[in-house]
Protein chains: 2
Amino acid sequence: MSDLPKSVKILEAGPREGFQIEPGPIATQDKVRFIEALAETGLKEIECVSFVNPKKVPSMADAADVAAMIRRKAGVKYIGLWLNLRGLDRAAAAGMDLKGRLASSTSPTFSLKNSGADLEREIERQREWVRRYQELGVEGLRLSVMTAFGCNMEGDIETRRVVEVIERSFAAIREEGAEPTGVSLADTVGWASPAAVERVVGAVRERWPDLSIKLHLHDTRGTGLANAYAGLRLGVYEFDSSCGGLGGCPFAGHKGAAGNICTEDLVFMCEEMGIDTGIDLDALIECARMVEDIVGHPVPGKVMRGGTLAATRARAA
Amino acid sequence: MSDLPKSVKILEAGPREGFQIEPGPIATQDKVRFIEALAETGLKEIECVSFVNPKKVPSMADAADVAAMIRRKAGVKYIGLWLNLRGLDRAAAAGMDLKGRLASSTSPTFSLKNSGADLEREIERQREWVRRYQELGVEGLRLSVMTAFGCNMEGDIETRRVVEVIERSFAAIREEGAEPTGVSLADTVGWASPAAVERVVGAVRERWPDLSIKLHLHDTRGTGLANAYAGLRLGVYEFDSSCGGLGGCPFAGHKGAAGNICTEDLVFMCEEMGIDTGIDLDALIECARMVEDIVGHPVPGKVMRGGTLAATRARAA
């Protein structure tokens, strides 16, 4: 028997992960239009923008404008991503909903490349972020473990190392007088298989039985939803995903590699298994069509083309 | 704990399922070139063509030519599909490797539409095929259960009905003095979820504990590999799939819906979980690139774009 959850919480990451990687410019008003449509589907958390260096990521230069233009819907959290305190302060100034996110990596080489930090610096930064979160009154502290399943620079990651990385960070967080409330295991570069998800989630669950575990999965090699199913079977009920499967993988070997797992395909799979998502699948599919139109090229989502089963069921009944 | 198999057997269906549905004509020599390349990857069974009415399926009008032109590799089975005795005789005449396949459907409406047979006629046809297989000395009798997970015309299919359909056909087969050796549960129109796979495979396994169960899965709504993983967990070790994810679904609500699960993505997932496929993944990816070139449009395979992990592992080691 499995521990399938009764319901799942999905963070929609398409506007941030997807638009960030698009080669062409996306109009600010199109970003806003997409985010507003997503908020009407029942999604409760939408990662809208990154507050990062606009010289390095020009597609996110309008982050504050996007944040200012969104007509907010009550009950929906509009989230930004940051990689340093300056980004966090910009997100706060832009009126984003702040989540207490901390970043760590199982791979020193990836970490150096992605954020210029060695392990000592990574821990030091976590402490700085915790202190700033405390000043800002941010509730909850979730540790994102990047490359939790493998790394293009270091190869396979031992499960033991994932547990060690979390232990080290949790110790630092507690020394700052704060309490970690969850982890997010990220398959940053698409190395996970269902067996790897079982192994890593199992090890983290064994070490911290009551810790909230979220999965951030990429579909780089086609196993994304199988990996999600492996997580669901272990009772994982928090996922990041991307409408239309928008996005890609800047670290993959070949251009055109798939990005995050696709939100509406994940919603379809969950609902078909009796797991409540709180999301209107038809409305979400309309969002996927909208974003395909906005980016001007096909996105990899499947159920947007296969169609839902609701109409067929109604006809057959 | 799960019953993951040590190895899997994969039937490559791309040349038949894929080319059959392509809107434009595919040159006979391109079909042959693709089939010959597939045979070099370690695949042991390749479904090459359909022996069907060329007026109804013009893309398969050259089936006998394809069969005649293939330079056969020892140890590889080159298979054709047929929907009636005339097709079977054409396949035999073309020198295809014959497999004892019988077709049944859980859905009378689908069956009538797909092959013009009601249930009585379906059973009668199974008897005719069994007799012809006996005359031809064909070994093995696998019953394909179409729409085993749901049907666009009848909606959800009760698990009980799948078992009943198999029972009825097996009785008829035995009355002809033959013994069924397996079933193939086909998600013909992409209704399956991992939970449905567990339910249906579980029910068939419970009724016939020693029967070989194959899964024929489509990725119409993105859950294809998750469904395959659900099957693997229950010890299923036989799958049909399609190189590059070639193919589509003529019955889906929207044009452009995905076809069979993608062979190289399935191979990647299995190998990453320690399940032997006997297939050279890099060679298979080259086949996927070849067929993308042949059909002239992107195919949905993921690992062909994401890249395998072998090179990265070697570099990291």
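A:T147 sits in the loop between β5 (142-146) and α7 of chain A. Helices here are DSSP runs of H or I with at least four residues, strands are runs of E with at least two, and both are numbered from the N terminus. The structure is a predicted model, in which local features need pLDDT of at least 70 and side-chain atom pairs count only at pLDDT 80 or more, while totals for chains, interfaces and linings use all residues. Residues are numbered from 1 along each chain as its sequence is written, chains are lettered from A and ligands numbered from 1 in the order in which they are written, and side-chain values use heavy atoms, with hydrogens and water left out.

Most residues other than glycine have a negative phi. With a relative accessibility of 0%, A:T147 counts as buried; the cut-offs are under 20% relative accessible area for buried, over 50% for exposed and anything in between for partly exposed, using a 1.4 Å probe and protein chains only. In chain B, B:T147 is placed in the loop between β5 (142-146) and α7. B:T147 has a positive phi of about 45° too, again without being a glycine, and is buried at 0% relative accessibility.

Aromatic pairs come next. Rings of Phe, Tyr and Trp (for Trp, the six-membered ring) pair if their centres lie within 6.5 Å, with planes under 30 degrees apart called stacked, over 60 edge-to-face and the rest tilted. By this rule there are seven aromatic pairs over all chains. One of them joins A:F170 and A:W208, whose ring centres are 5.4 Å apart and whose planes stand at 65°, so the pair is edge-to-face. A:F170 belongs to helix α7 (residues 159-175) of chain A and A:W208 to the loop between α8 (194-207) and β7 (212-216) of chain A, so the pair ties together parts that lie 38 residues apart in sequence. Both partners are tucked away: A:F170 is buried at a relative accessible area of 2%, and A:W208 is buried at 10%.

B:F19 and B:F34 make an edge-to-face pair as well, because their ring centres are 5.6 Å apart and their planes are at 65°. This pair links distant parts of the chain, with B:F19 in helix α1 (residues 14-21) of chain B and B:F34, 15 residues away, in helix α2 (residues 28-39) of chain B. B:F19 is buried with a relative accessible area of 1%, and B:F34 is buried at 0%.

A:W208 turns up again in the surroundings of A:V163, a residue of helix α7 of chain A. A:V163 is buried, its relative accessible area being 13%. Apart from neighbours within four places in sequence, A:V163 is in contact (heavy atoms within 4.5 Å) with A:A203, A:R207 and A:W208. A:V163 and A:S105 are 58 residues apart in sequence, and their C-alpha atoms are 11 Å apart in space.

The axes of α1(B) and α2(B) come within 11 Å and cross at roughly 155°. That makes the two helices, α1(B) and α2(B), roughly antiparallel. Axes are lines fitted to C-alpha atoms, for helices over the stretch in contact, and angles run from 0 to 180 degrees between N-to-C directions; under 35 degrees is roughly parallel, over 145 roughly antiparallel, 65 to 115 roughly perpendicular and the rest oblique. The crossing of α1(B) with α2(B) is right-handed, where right-handed means that the near helix is turned clockwise from the far one by less than a right angle, and left-handed anticlockwise. On the α1(B) side the contact is made by B:G14, B:P15 and B:F19, and on the α2(B) side by B:K31, B:F34, B:I35 and B:L38. By class, this contact has five nonpolar, one polar and one charged residues, with Ala, Val, Leu, Ile, Met, Phe, Trp, Tyr, Cys and Pro as nonpolar, Asp, Glu, Lys and Arg as charged, and the others, Gly among them, as polar. α1(B) is mostly covered, six of its eight residues being buried: B:G14, B:P15, B:R16, B:E17, B:G18 and B:F19.

Helices α6 (residues 119-136) and α7 (residues 159-175) of chain B have axes that come within 9 Å and cross at roughly 40°. α6(B) and α7(B) are therefore oblique to each other, and their crossing is right-handed. B:L119, B:E122, B:I123, B:Q126, B:R127 and B:V130 of α6(B) meet B:R168, B:S169, B:A172, B:I173 and B:E175 of α7(B). The tally by class for this contact is five nonpolar, two polar and four charged residues.
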